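Here are some notes to read alongside the model.

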Amino acid sequence: MAETILINGGAGFIGSNLVHRRHRNHPNDRIIVLDKLTYAAGPNQIEGLDRMELVVGDIQNPELASHLLLENYKTAKVFHLAEESHVGRSITGPAGLIQTNMVGNFSLEAVRQAWAWQQDCRFLHNSTYEIYASLGETGYLSESPPYATNSPYSASQVSRYHLVRAYHQTHGLNTVTNGTNNHGQRQHPENLIPMAKGEPSPMHVDGMNVREWHYEKDHCAALETVMIKGLASETYCVGSDNDQINLAPVVMLCDLVDLFLKRPRGTSRKGTTFVQDRADHDRQYAIDAAEIRNEVGWKPQNSFYENLERNVAS
Ligand code: NAD
């Protein structure tokens, strides 16, 4: 069945990959992207697609949100991925992030009002595992709290999460996913893996932090599956079972880049400087993804190494 879907933040990293996936797999869909086009956006990544309309605007504009949900759009599915996403920037200049991530999420009110008359509307809020407390040496995070905020970024994420949850409890509006660290095509160059893919240059990495890595294509598949099969009341942790210290993917990646660029093995590793951890940096994150697997039937397709190879080759 042909649908109109709205992707907030669809010119960003995950959003643009979702746009392409949706465009490929749903040849009759109309895709509306609402994006403010901040430094993080790559509008050229999605331009030229037929059946896709890029609306440059702010999620904080309730009139625009209503317009895109009603009028001649009649959108009944929203993937909400618009945010200020960089932890480091949240420390040096938090104002824009607080505005977009905390105040901006109040656009939910416009969604609620627009959908008051409709059944079967879905609002999927995509968030991150950084809303949870950093783990100790062992264990896994699951959908249940405790929450903890060690940076303005994670504080803004917890705030968004609670507001979305409240809108579900009060108005029955949504479903939520919390994902792990993604890598893949169309990622902003300031992130760890795109940095490693570039020319050898100093990369400041605390190699002992544990993160769970996920391929963007798997993440987008999870978003689509949850949008269709997820229970509106649920939060799903989208995990890859691939938690490891940062040192491991960086070294693997450096060697893959050398192989791919036909450089002597070890060239890229030389550019990596391992530094002391930042004060706000959470030590260990890993997810127990049992719920999304058992309840929704989604799981990642390939191994971490295979996905890293695909990323380097892309
Ligand atoms: P991103 O920074 O690459 O993209 C965010 C997009 O939102 C950009 O295109 C930006 O222009 C747009 N935007 C920012 N403020 C806006 C505003 N006020 N109005 C409209 N558009 C605005 O971020 P991303 O990495 O693609 O993350 C997208 C979502 O996925 C987030 O909700 C994030 O929590 C979640 N997520 C990301 C990862 C990851 O590793 N990147 C992992 C798990 C979950």
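**Notes on the predicted model**

1. Let's start with the ligand. This is a predicted model, and in it 30 residues surround the ligand, with Gly9, Gly12, Ala40, Ala41 and Gly179 the closest. Sorted by class, that shell has 15 polar, 10 nonpolar and five charged residues. Helix H1 (13-25), E2, strand E5 (122-128) and E7 each supply at least two residues of the shell.

2. Now the seven-stranded sheet. What order do its strands take? Reading across this open sheet you get E3-E2-E1-E4-E5-E6-E10, and the pairing is parallel. E3 and strand E10 (235-238) are the edge strands, each pairing on one side only. From one strand to the next the twist averages 20°. If you're new to sheets, a reminder: strands pair through backbone hydrogen bonds, either parallel or antiparallel.

3. E2 is worth a look of its own. Five of its six residues are buried, so E2 is largely enclosed by the rest of the structure. E2 pairs with E1 in the parallel sense, over five bridges. To find the spot on screen, look for Asn8, which stands opposite Leu34 in E2. Recall that E2 also gives at least two residues to the shell around the ligand.

4. Moving along the sheet, strand E4 (residues 77-80) runs parallel to E5, and four bridges join the two. Here Lys77 stands opposite Arg122 in E5. E5 turns up again in the ligand shell, where it supplies at least two residues.

5. Val176 has Thr235 as its bridge partner in E10. Are the residues of E10 that point either way buried or exposed? Thr235 and Cys237 point one way, Tyr236 and Val238 point the other way, and all are buried. As background, side chains in a regular strand alternate between the two faces of the sheet.

6. Helix H2 (residues 62-69) has Ala65, Leu68 and Leu69 buried. Why do they line one face of the helix? Looking down the axis of H2, its buried residues fall within an arc of 95°, so they line one face. The buried residues of H2 pack against strand E1 (4-8), strand E2 (30-35), strand E3 (52-56) and helix H5 (107-115). Just after H2, check Glu71, which takes a positive phi of about 45°.

7. There's also an open sheet of three strands, in the order E7-E9-E11, with mixed pairing. Strand E7 (181-183) and strand E11 (243-245) stand at the edges with a single partner strand each, so one side of each is left without a neighbour in the sheet. The twist in this sheet averages 50° from one strand to the next.

8. Last, a closer look at E9. Strand E9 (residues 210-215) and E11 run antiparallel and are joined by three bridges. Glu212 stands opposite Asp243 in E11. Which helix lies across E7 and E9? That's helix H8 (residues 216-229), running at about 75° to E9.

Key
Residues are numbered from 1 along each chain as its sequence is written. This is a predicted model: local features need pLDDT of at least 70, side-chain atom pairs count only at pLDDT 80 or more; totals for chains, interfaces and linings use all residues. Two strands pair if DSSP finds at least two bridges between them. Axes are lines fitted to C-alpha atoms, for helices over the stretch in contact, and angles run from 0 to 180 degrees between N-to-C directions. Two residues are in contact if their C-beta atoms, placed from the backbone, lie within 7 Å. A residue is buried if 20 or more other C-beta atoms lie within 10 Å of its own, exposed if 12 or fewer, and partly exposed in between; C-beta atoms are placed from the backbone. The arc is that of the directions from the helix axis to the C-beta atoms. A residue is near a molecule or strand if its C-beta atom, placed from the backbone, lies within 6 Å of it. Ala, Val, Leu, Ile, Met, Phe, Trp, Tyr, Cys and Pro count as nonpolar, Asp, Glu, Lys and Arg as charged, and the others, Gly among them, as polar.
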